[in-house]
Structure formats: C-alpha cells, structure tokens
Amino acid sequence: MTAHQNGTISSEVSDFLLNCFVRSHTWQLSFSLPLSLLFFLAMGANGVLLITIWLEASLHEPMYYLLSILSLLDIVLCLTVIPKVLAIFWFELKSISFYACFLQMYIMNCFLAMESCTFMVMAYDRYVAICHPLRYPSIITDQFVAKAAIFILARNVISTVPIPILSSRLHYCGRKVIENCICANMSVSRLSCNDVTINRLYQFAGGWTLLGSDLILIFLSYTLILRAVLRLKAEGAVAKALSTCGSHFILILFFSTILLVFVLTHVVKKKVSSDVPVLLNVLHHVIPAALNPIVYGVRTQEIKQGIQRLLKKGW
C-alpha cells in the first residue's frame, strides 16, 4: 500500500485478507473438525465413484458418464474452497493474492453453475428413462452426453467470465480485509470505492437466469416423472422409482435451498448475524459434494456391485 504525494492512498492492492467468522472466532477450531471430515468424505466418495466408473466396463453408459461429470465438478469445487478455509482456521493463513482471489471467484461461480446445469441434464436423463423407456437407448447416447458436456462447459464458462472481470477492474483504495472465508463476488466488491451496482445486477441476474432456468426444468422433469410413476400398475415399480427420483430431487432442492437462504440472509443482513451467510457459503461447497456420490452413486445397484468387484480384485 503506497501513498501519493498529495496524501491520498493508492487504490492498488496486491493481496487480500480473508477474515472468517468475525464474531465467532472461538468456534473456528470446533467447526474445522466437521468441515475437514466432510471434505475428506467428499474427496474420497467422489474419487471412489470416478475410479469405479472408469475401471468397470459395465458402467460405461451415458447415465454414469453424467455422474462422472458431477463428481469431477464436486472435486474441483471442494479443492478450490475448503483447503484454504482450513488453512485459515488452523494456521491463520488469511492472505490470498489479488489474482488467486479472482481465480477462486471465477471457479466458484462457473463450477456451481455447471453443477446446476448437470443436475438439469441428469433430471432429463431420468425423465426419458421413466417416461419413454423404449426410446431411452436411442435418445440418451454417448453423443448426447458429449453434446451435453459441451453445452454445460460453454454456457457456464462464458456467462460467468464477467463476474471476476468486473470485480478485478474496481479500485480498492487500500482496503483489503474481506469479511468472508472465500472470495465471494459481493464480499470482495464491497471493499471497493467505486459504484458496484453493475456487479450486483450481473451477479443477481446471472444467478437467477442460469440457476433459476435449471431449477424450473428440473422441477418440470420430476413433475412429469411423478405423473408417469403414479400411472404404473406394476407392483414395486412405483416405490422403486419414487425412492430413486425422490432422493435425487431432495438433493437438488438442498443444493438450491442453501443458495436461496444465502441470498435471503444477504438481503436481510441487518437482522441476521454476518457469520450466517459466510457459514452457508462454505457449506454450500462441501455438503452437496459429500452427499452427491452417496445418493446418486452408492444407492445405485450397478455402482454398488462395481465397487464390490473392485474391492475383491484389490484384495
């Protein structure tokens, strides 16, 4: 931080300080234990799932490729956020360079939007499987997964690029203490001495357009699935379909609800402790990542059998 001859402070900032849980420093260590356990569970479960799908030839099918995409996204999101948060909790390593901060911001926004988009494609996959089972092999092909992966990548990589660019172009007037554990867009841009209306509007409009449209399509898919399932006459088929799709839908709702609560706590921040949105922001990067492979993967009979076969080979 340098001073000009006229006495004003330079707007150049080379690094930021992440100041987690300002009002609750005492429970940083106690929170770090469940957080590290969730992190290792997420990494381990997603790692096992990816290895199983990769090594088991019987799992080389579109549905499991989509599951692999979800696991890869979860691993990247976890690695982008949680190790740094734990480093702050355990070793007080609060400093993060200017460019690392905006890179983290971009990865978080981009990969959360990609995850939402993947959920949407997976909901469509389940819709075709249950509502049009005879046409499933001709609709959900390897080419379909390749096109879906390109769409997931292109849509979200391009649409989230302006978020870190808009924030990095702001002048920070020497202010460098971010009241958050991560470089969330609004937490960082709040430090600026510029007008951040465009940043707020783009984050808000982008978030609701991408995640909102995904959620509407997911909800539509599961509504059609539910309608088709309730018409089934075969005994046990209704229970099986509801069990599978129900757990998927609950997981997607959980993914969206944390985001919604986070937005609402920001809106009514005067009535809610500033630590609440920070906590939700961190948990949103690890809880879905820990639950996704369990709900989508381990509850799937073919994946369970694949893991068992690999374990037998290993022994």
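Throughout this talk, a residue is called buried under 20% relative accessible area, exposed over 50%, and partly exposed in between. By that rule Lys 176 is partly exposed, because its relative accessible area is 29%. Please keep in mind that we are looking at a predicted model.

Let me stay with Lys 176. Its partner in a salt bridge is Asp 15, and the closest N and O atoms of the two are 2.7 Å apart. Asp 15 belongs to strand β1, whereas Lys 176 sits in the loop between α6 and β3, so this pair ties together parts that are 161 residues apart in sequence. Asp 15 has a relative accessible area of 18% and is therefore buried.

How many salt bridges does a search of the whole structure find? The search finds six. A further one joins Glu 56 to Lys 313, with 3.7 Å between the closest N and O atoms. Glu 56 is in the loop between α1 and α2 and Lys 313 in helix α12, so here the parts tied together are 257 residues apart in sequence. Are these two partners buried or exposed? Glu 56 is buried, at 6% relative accessible area, while Lys 313 is exposed, at 62%. Through salt bridges that share partners, Glu 56, Arg 309 and Lys 313 are joined into one network. Asp 125 and Arg 126 also form a salt bridge, at 2.8 Å from N to O, and both of these residues are buried.

I turn now to the sheet. Three strands make up an open sheet with mixed pairing, in the order β2-β1-β3. Strands β2 (95-97) and β3 (177-178) stand at the edges; each has a single partner strand, so one side of each is left without a neighbour in the sheet. Strand β1, residues 15-18, pairs with β2 in the antiparallel sense over three bridges. Within that sheet, Phe 16 stands opposite Ile 96 of β2.

Leaving out residues up to four places away in sequence, Ile 303 touches Leu 49, Thr 52, Leu 59, Tyr 64, Leu 67 and Gly 297. Gly 297 is also among the contacts of Asn 292, together with Leu 70, Asp 74, Glu 115, Phe 119 and Leu 251, again setting aside neighbours within four places in sequence. Asn 292 lies in helix α11, residues 287-298, and counts as buried because its relative accessibility is 2%.

Finally, the surface. Leu 153, Val 157, Ile 158, Val 161 and Ile 165 form a nonpolar patch with about 410 Å² of accessible area together. Helix α5 provides the largest share of the patch, three residues. Ile 165 is found in helix α6, residues 162-168, and is partly exposed, with a relative accessible area of 43%. Ala 148, by contrast, lies in helix α5 and is buried, at 10%.

Thank you; I welcome your questions.

Terms used
Residues are numbered from 1 along each chain as its sequence is written. This is a predicted model: local features need pLDDT of at least 70, side-chain atom pairs count only at pLDDT 80 or more; totals for chains, interfaces and linings use all residues. Side-chain values use heavy atoms; hydrogens and water are left out. Helices (H or I, at least four residues) and strands (E, at least two) are DSSP runs, numbered from the N terminus. Buried means under 20% relative accessible area, exposed over 50%, partly exposed in between (1.4 Å probe, protein chains only). Contact means heavy atoms within 4.5 Å. Patches are made of residues with over 30% relative accessible area and no salt bridge: like charges are joined within 9 Å, nonpolar side chains (Val, Leu, Ile, Met, Phe, Trp, Tyr) within 5 Å. Accessible areas come from the Shrake-Rupley method with a 1.4 Å probe; for residues, only the protein chains shown count as cover. A salt bridge is a side-chain nitrogen of Lys or Arg within 4 Å of a carboxyl oxygen of Asp or Glu. Two strands pair if DSSP finds at least two bridges between them.
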